[in-house]
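Open your viewer and get ready to click along. We will go from stop to stop, and at each one you will hear what to select and what is there.

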Amino acid sequence: MKFVDEATIKIQAGKGGNGCLSFRREKYIPKGGPDGGDGGDGGSVFLEAVEGLNTLIDYRYTRNFRAENGQQGSSAECTGRSGEDLTLKVPVGTTILDDETGDVLGDLTVLGEKLKVAQGGFHGLGNTRYKSSTNRAPRQTSPGQEGEVRELKLELKVLADVGLLGLPNAGKSTFIRSVSAARPKVADYPFTTLIPNLGVVGLSADKSFVVADIPGLIEGASDGAGLGIRFLKHLTRTRLLLHLVDMFPYAGDSAADNAQIIEDELLKFSPTMAAGERWLVLNKLDLLQEEEVEQRCQAVIDQLQWQGPVFRISGLTSNGTKGLCAAIMDHIDQLRGCEKEDPELVVAEEERRNQMQLEARQRIEELAQSRRKARKSEQDDDDDDDFDVEVVYAE
């Protein structure tokens with residue numbers, strides 16, 4: 001199934017049914033009076049996070065959705081049937097935004113969570129509602145109200161505790177295969193990973209965390225190079241980022257320079273994310289000579305001026321991965337304990353994630369606008385060429 005993490009849809013709630021204009025007409029009852037019933041309410045539109053979905057592909061090609069209208073009222077004071085609500089199923093981790101205003105309407109991060117995104121129209125009133133001591137035979141009714149119409153932007157972000165950063169072939173997919181049951185594709189060429197992959201790392205029966213692997217970044221990713229920065233938004237929900245560095249890069253590249261590229265691209269994408277918790281993981285040490293390991297590792301640490309934790313591993317041989325996973329689990333447990341003792345930390349973390357997501361949307365939108373301008377200028381140049389014809393007059 002194709003991985004789709006963004007979609008724009010148009011939804012419309014149902015219209016309320018009109019009120020009925022009717023008078024009672026029965027044999028031997030000459031003055032029956034009004035008996036027009038109310039209409040039914042229009043159906044509302046809901047979004048629900050369900051299990052078993054991991055993509056928004058269902059909303060890539062079908063984009064218009066409408067709830068059922070309420071039925072009109074009828075005589076004998078019969079109320080019209082209300083329209084059925086429409087519930088659209090989305091993956092857990094979907095953010096819903098108003099496409100016109102950009103406001104975040106909700107974030108479905110819990111299985112079974114439900115959000116109303118469009119209110120159905122209120123029912124119209126029948127003429128029975130308008131009878132009074134001075135108006136015995138009202139001919140007044142009210143129509144049902146129109147349901148809300150909205151254009152929504154759906155954004156899917158994977159739910160993970162730990163996110164992996166690095167250049168292509170840094171060993172992120174190999175690391176996930178080494179520490180979890182996930183089996184992402186691994187090959188000896190760049191951009192083997194094309195979509196985010198999740199792996200559950202279980203250290204015991206009651207202790208585990210989720211790792212997210214995204215496609216690798218290259219220099220210029222923030223300007224659209226390679227697969228760009230589109231998938232970086234999936235790391236905005238994580239508690240911790242691991243920066244994996246290939247210590248034996250091909251083509252004679254410098255591991256320190258490659259690590260600096262990722263740091264620069266991350267800062268351009270989201271300063272808030274760049275300022276968050278991040279660990280340096282020096283990978284593929286099994287390919288180095290034993291006497292070179294310390295020197296090369298120190299060169300990376302010195303160039304980045306790294307102050308945080310540093311781990312030395314080999315994803316292929318699993319050397320050092322057990323200690324890294326244990327440290328990650330301890331760190332996550334500590335964060336959870338602090339949040340349990342101080343609820344304000346949960347609020348602060350949520351604000352930080354919202355800020356990261358806002359910066360991610362702005363950067364991605366800026367990149368999209370620059371691409372549109374570039375395409376438009378190319379089209380304008382092509383149009384101008386059609387009239388750049390040299391005229392030669394024959395003598």
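Predicted model: local features only at pLDDT ≥ 70, side-chain atom pairs only at ≥ 80, totals over all residues.

**Stop one: the open sheet**

Select β3, β1, β8, β5 and β6, and you will have 5 strands that form an open sheet in that order, with mixed pairing. Look to the edges for β3 (64-66) and β6 (104-108), each of which pairs on one side only. As you step across the sheet, the twist averages 25° from one strand to the next.

To find one of the partners, click Gln-12, whose bridge partner in β8 is Val-149. In general, the strands of a sheet pair through backbone hydrogen bonds, either parallel or antiparallel.

**Stop two: a buried strand**

Next, select residues 240-246, which make up strand β12. Is this strand enclosed or open to the outside? Of its 7 residues, 7 are buried, so β12 is largely enclosed by the rest of the structure. Show the side chains: Leu-240, Leu-242, Leu-244 and Asp-246 point one way, while Leu-241, His-243 and Val-245 point the other way, and all are buried.

Strand β9 (residues 162-165) pairs with β12 in the parallel sense over 4 bridges, and here Val-162 stands opposite Leu-240. Strand β13 (residues 278-283) also runs parallel to β12, joined to it by 6 bridges; there you can find Trp-279 opposite Leu-242.

**Stop three: two loop residues**

Most residues other than glycine have a negative phi. Now click Lys-284, in the loop between β13 and α5 (293-304): its phi is positive, at about 65°, although it is not a glycine.

Then move to Gln-305, in the loop between α5 and β14 (310-312). Gln-305 is not a glycine either, yet has a positive phi of about 50°.

**Last stop: two helices**

Finally, select helix α2 (residues 172-179) and helix α6 (residues 321-341), whose axes lie 11 Å apart. How are they turned relative to each other? The packing angle is about 85°, and the two helices are therefore roughly perpendicular. Zoom in on the contact, made by Phe-175, Ser-178 and Val-179 of α2 with Thr-321, Leu-324 and Cys-325 of α6. Coloured by type, these residues divide into 4 nonpolar, 2 polar and no charged.

Key: Residues numbered from 1 in each chain as written. Heavy atoms only, no water. Axes fitted to C-alpha atoms, helices over the stretch in contact; angles between N-to-C directions. Parallel < 35°, antiparallel > 145°, perpendicular 65-115°, else oblique. Contact = heavy atoms within 4.5 Å. Nonpolar A, V, L, I, M, F, W, Y, C, P; charged D, E, K, R; others polar. Pairing = 2+ DSSP bridges. Buried < 20%, exposed > 50% of the residue type's maximum accessible area, 1.4 Å probe, protein only.
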